[in-house]
Structures are given as structure tokens and as C-alpha cells.
Amino acid sequence: MMSVHSSTRTQVAIVGGGPAGLMLSHLLHIAGIESVVVDNRTVEQIETTHRAGILERDSVRLLVDSGASDRVLTDGHEHGGISLRFGGVSHRIDFQKLTGASVWLYPQTEVFVDLHRARTRDGGDLRYGILDTEVTGVLDSPVVTYTDAAGARHEIAADLVVGADGSRSVCRDLVENARQYYREYPFAWFGVMVQAPPSAPELIYTRAAQGFALISQRTDTLQRMYFQCDPNEDPAQWSDDRIWDQLHSRLAGSDGFRLQDGPVLERTVLPFRSFVQSPMRHGRLLLAGDAAHTVPPTGAKGLNLALADVRVLAEVIERAIDKGDGDALDSYTERALSRVWKAQHFSYWMTTMLHRVSGATDFDEQRQLGELQTLISSNAGSTYLAEGYTGWPHH
């Protein structure tokens with residue numbers, strides 16, 4: 001058995017140093033609660049992994065009001081709506097008109113950079129690039145042990161442990177008698193980063209006979225685009241011309257819209273599913289973000305749910321540690337999952353409305369188009385989409 005090189009005592013050990021873990025550490029710091037963050041990825045690996053980029057209104061407020069980011073307002077792009085495109089015509093859903101809310105295009109990598117900078121500025125104990133993380137004693141005396149890059153073993157004793165370590169969480173399996181809910185999808189997204197000017201000022205969600213496509217933006221010269229594909233597709237087998245043929249055919253229409261193309265810089269296939277684990281707490285271990293739930297990317301909910309989790313989690317941890325409220329932790333699962341299930345429904349609804357399922361009949365095709373037509377022609381339907389997409393207010 002390897003000897004322990006160092007031992008640390010802290011109030012909260014956070015396994016996972018992505019945006020969820022760092023935001024929790026940041027909020028706890030504001031409340032005067034100590035934490036240590038560990039992650040098996042390096043900072044560079046996280047900064048160079050492209051992820052979703054839409055932030056709900058309250059996610060932006062959390063970043064700004066907590067002092068974590070001003071850049072989201074200066075470098076992010078406010079979007080007051082999206083376009084639903086079907087039958088070769090785009091229909092704008094005006095979030096501002098319907099709900100008075102917007103979303104912001106601000107890549108997850110930038111959220112990480114802002115939070116990492118804030119925690120570093122405030123002297124946070126952040127440990128990246130580690131190996132072999134283990135969590136023990138979650139019922140009474142939690143301990144996190146890991147190996148550093150030099151091969152030395154370290155341990156962190158804590159009052160509480162938070163698993164914010166993503167969809168491949170090592171903490172998730174420590175929750176005994178948990179119930180897991182799944183929904184597998186028979187399709188994936190073929191995602192590309194392209195060098196081209198923006199094709200539109202806001203996101204375009206497209207439903208075509210060939211399947212779904214999404215046109216998003218990143219910068220004035222880089223754009224992110226996706227189209228529905230088989231989960232077993234090999235992106236290496238797709239030439240630039242073949243990719244653009246798919247995108248142009250799905251976006252084609254009679255309204256004069258023109259998709260701007262250019263060199264394909266990155267290509268990847270993204271399978272997805274819906275997943276929820278309950279409860280999100282076991283003893284002195286609590287889960288947050290993708291460690292407890294994942295959603296299809298269609299509704300842009302993943303990062304926003306993770307930030308909503310840690311907003312609640314920071315509050316209950318403060319009550320438990322600073323105010324000795326032993327019942328505070330008991331409320332976490334119910335409060336977090338009430339939002340998670342709303343988001344699961346919204347993401348499932350958006351996904352099934354916009355994607356083509358193999359073997360679909362003519363009836364299925366026309367029913368889907370009827371649903372979209374009803375949505376854009378109904379103020380109530382459009383408002384439901386706008387409310388879900390911009391994010392339900394926190395209570």
C-alpha cells in the first residue's frame with residue numbers, strides 16, 4: 001500500500017474542477033467556507049475541449065452577481081430569440097417579446113476560464129492533472145485520496161464531499177440504493193467547427209426530411225454546426241464536401257437563406273441520452289451536474305442545470321456547516337430534481353419534435369410538421385418554448 005505523502009483538512013472536498021465544481025468552490029468562498037477542488041484533467045485539457053455555449057438568463061446573473069465574470073456581458077452575445085426552420089422557411093421565436101428574457105452565447109470553455117481565474121485570484125486550492133481518485137467514508141468521515149503527477153499519494157479529509165465529476169463520475173456509484181432513469185436515443189449529432197462568417201445572428205434549429213440540423217455561432221470567423229447522424233458514423237470518413245452537402249440540403253428553402261461555408265477544422269460524433277440518478281445525496285456525499293443527470297443537447301440545458309445545482313448546493317451547505325442545520329442537506333435532492341425533470345421534459349420534447357426517427361411513417365412526418373406549425377402559430381406554444389429555453393426563474 002502506497003504511503004500518504006500529504007494530508008489536508010478542509011470543509012468541502014469537490015471532485016471535479018469543471019464549471020460546476022469551480023462555481024461551487026467560488027460560492028462557498030464567498031460564504032467563508034473552505035474547499036479543495038481536484039480533477040484528473042489538466043487545465044489545458046479543459047480549456048481546449050469545445051462544449052455547449054448557451055447560457056440561460058439566471059446562469060448569466062449568477063456569473064455576474066457572484067463576481068466570477070464580467071466578460072460574459074462584454075464578450076458574450078445576447079440572443080433575444082432562436083429560429084425554428086422547417087419546410088424551407090425560418091420562423092423566429094422572440095424570447096424578449098414573449099418572456100422579457102434572453103440567453104447568451106458564451107462557450108463553456110470561457111465560463112471555465114472565468115471561474116478558474118476567479119478561484120486562482122482568491123487563493124483557491126485547485127489540484128488538476130491528478131490520477132486514481134478515490135472517495136471513502138461518505139457516511140461519516142469523508143476522505144478523498146489521489147495520486148499526483150509525480151506518483152505521490154495524497155489525502156483530503158473533509159466534512160462533506162461533492163461529486164461534480166461529470167458523466168463518468170467516480171462518485172455516482174457511491175450512492176447506495178439509487179434509482180437510475182434512462183432514455184437512449186437512436187441518433188447522434190455530427191458536430192463541426194468551421195472557418196466561416198456567421199450565417200445568422202441567432203441559432204437556427206432545423207427540421208428537414210433528412211433530419212435535424214443546428215446552426216450556431218462562436219466568433220466572427222468560427223462557427224459551430226451540427227446535423228443528425230447515426231451514432232456509429234466515423235467522422236474521419238466524411239470529407240468537407242460531404243459535410244457541406246448534408247448541411248446545405250437540410251437548410252435549403254424558398255426564403256433566400258444562404259448558409260456560409262468554409263474549411264472544416266474539427267469534426268466529431270456526439271451520441272446522447274437522457275439520464276437521472278436519485279437521490280443526489282448519500283450521507284456526506286452530494287452530486288451535482290452531469291454526475292447526477294445528463295440531457296440531450298437540443299435544449300441547451302446541460303451546463304445551465306449544473307450551475308442551478310450548485311446554486312442550491314452552496315445554500316444548503318452553508319446552512320449545514322455555518323448554521324448547524326442538520327436537515328438542510330435533506331432538501332437538496334428534491335429541490336434540484338424538480339428543475340432537472342422540467343429540463344428533461346423540455347430537452348426530450350425539443351429532441352423528439354426536431355429529429356427524424358428511422359422507420360418513421362408518412363403519418364409521423366406530417367404529425368411532426370403539424371406540431372411545429374402549431375407551435376409557431378400559437379402565442380401560448382411559443383411562450384412555452386421561450387420560457388423553457390431561457391430558463392425558469394429560481395425560487
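Select Glu56, Asp58, Ser59, Leu62, Asn304, Leu307, Ala308, Arg311, Arg339 and His394: these residues line the largest cavity. This is a predicted model, in which local features need pLDDT of at least 70, side-chain atom pairs count only at pLDDT 80 or more, and totals for chains, interfaces and linings use all residues. Residues are numbered from 1 along each chain as its sequence is written, and side-chain values use heavy atoms, with hydrogens and water left out.

**Stop 1: the cavity**

Stay on that selection. A cavity here is a set of points, on a 1 Å grid over the protein atoms alone, where a 1.4 Å probe fits but cannot get out; lining residues have an atom within 4 Å of a point. The volume is the space filled by probe spheres set on the points, with grid points joined across faces, edges and corners. The largest cavity holds about 50 Å³ of space. A search of the whole structure finds 1 cavity of 30 Å³ or more.

Now colour helix 3 (57-65) and helix 8 (302-322). Each supplies at least two residues of the lining. Helix 8 gives the most, with 4 residues. Helices are DSSP runs of H or I with at least four residues, strands are runs of E with at least two, and both are numbered from the N terminus.

Colour the lining by class. It has 3 nonpolar, 3 polar and 4 charged residues. Ala, Val, Leu, Ile, Met, Phe, Trp, Tyr, Cys and Pro count as nonpolar, Asp, Glu, Lys and Arg as charged, and the others, Gly among them, as polar.

**Stop 2**

Switch to cartoon view. An open sheet of 8 strands runs in the order 6-5-13-14-15-12-16-19, with mixed pairing. Strand 6 (89-94) and strand 19 stand at the edges; each has a single partner strand, so one side of each is left without a neighbour in the sheet. Two strands count as paired if DSSP finds at least two bridges between them.

Strand 5 (residues 81-86) pairs with strand 6 in the antiparallel sense over 6 bridges. Ile82 stands opposite Ile93 in strand 6. Gly81 stands opposite Asp94. Strands 5 and 6 form a hairpin with 2 residues between them, and Gly87 in the turn has a positive phi of about 60°.

Move to strand 12 (residues 179-195) and strand 16 (residues 264-278). They pair antiparallel over 13 bridges. Pick out Glu184, which stands opposite Arg273 in strand 16.

Strand 16 pairs antiparallel with strand 19 (residues 293-294) over 2 bridges. Here Val276 has His293 in strand 19 as its bridge partner.

**Stop 3: the loop at Ser216**

Select Ser216. It sits in the loop between strand 14 (211-215) and strand 15 (222-229). Is Ser216 buried or exposed? Its relative accessibility is 6%, so Ser216 counts as buried. Buried means under 20% relative accessible area, exposed over 50%, and partly exposed in between, with a 1.4 Å probe and protein chains only. Show the contacts of Ser216: leaving aside neighbours within four places in sequence, they are Leu105, Leu203, Gln223 and Arg224. Contact means heavy atoms within 4.5 Å.

**Stop 4**

Next, find the open sheet of 3 strands, in the order 3-7-4, with antiparallel pairing. Strand 3 (54-55) and strand 4 (77-79) are its edges; each has a single partner strand, so one side of each lacks a neighbour in the sheet. Strand 4 and strand 7 (residues 103-105) are joined by 3 bridges. Look for His79, whose bridge partner in strand 7 is Val103.

**Stop 5: another hairpin**

Select strand 9 (residues 131-136) and strand 10 (residues 143-147). The two pair antiparallel over 4 bridges. Val135 stands opposite Val144 in strand 10. These strands form a hairpin with 6 residues between them, and Gly137 in the turn has a positive phi of about 70°.

**Stop 6: Leu354**

Go to Leu354, in helix 9 (residues 332-354). Leu354 is buried, with a relative accessible area of 1%. Not counting residues up to four places away in sequence, Leu354 touches Tyr205, Thr206, Arg207, Phe212, Thr298, Gln368 and Leu372.

**Last stop: cysteines**

Select Cys171, buried at 0% relative accessible area. Then select Cys229, which is buried at 9%. How many disulfides does a search of the whole structure find? It finds 0; a disulfide is a pair of cysteine sulfur atoms within 2.5 Å.

Definitions and conventions:
On a 1 Å grid over the protein atoms alone, a cavity is a set of points where a 1.4 Å probe fits but cannot get out, and a pocket is an open set with protein on both sides within 12 Å along at least five of seven lines; lining residues have an atom within 4 Å of a point.
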